[in-house]
Amino acid sequence: QVQLVESGGGLVQPGGSLRLSCAASGRIISNYTMGWYRRTPGKQRELVARISPSGDAHYGGSVKGRFTISRDNAGNTVYLQMNSLKPEDTAVYYCNAIFSPFNWGQGTQVTVSS
């Protein structure tokens, strides 16, 4: 049973930064394309970034140039560095495998507000 635990969220002012972590246990995720998603109330979960096993990264248009996804395969962890945060980035953020999703974790709340 794979467990995904997201952390690093919080309250930040517009223009600020946060670094999210996603720690996986129960399975090695180094061979999986992993993604960070976010969800706001009343909306579907949105994929914001993904990273291949080799480190090839792709981003959604709304976060390109501001967010950076990375992975530490030895540590079985995926990260999302979020810079120049905007109020519209407010959401619960989740990570998961792209093509063979595991059970979803609890997510981590990111709130961007002055």
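**Exercise 1: Arg 38**

Arg 38 counts as buried because its relative accessibility is 7%, where buried means under 20% relative accessible area with a 1.4 Å probe and protein chains only. This is a predicted model, in which local features need pLDDT of at least 70, side-chain atom pairs count only at pLDDT 80 or more, and totals for chains, interfaces and linings use all residues. Residues are numbered from 1 along each chain as its sequence is written, and side-chain values use heavy atoms, with hydrogens and water left out.

Task: find the strand that holds Arg 38 and a polar partner of its side chain.

Step 1. Look in strand β4, residues 34–39; a strand is a DSSP run of E, at least two residues, numbered from the N terminus.

**Exercise 2: the disulfide**

Task: which cysteines does a disulfide join?

Step 1. Search for cysteine sulfur atoms within 2.5 Å of each other; this gives 1 disulfide.

Step 2. Cys 22 and Cys 95 are joined, S to S 1.7 Å. The pair links distant parts of the chain, 73 residues apart, with Cys 22 in strand β3 (residues 18–25) and Cys 95 in strand β9 (residues 91–97).

Step 3. Both Cys 22 and Cys 95 are buried.

Terms used:
Helix = DSSP H or I, 4+ residues; strand = E, 2+ residues; numbered from the N terminus. Buried < 20%, exposed > 50% of the residue type's maximum accessible area, 1.4 Å probe, protein only. Polar contact = N/O pair within 3.5 Å; in protein donor to acceptor, adjacent residues only side chain to side chain.
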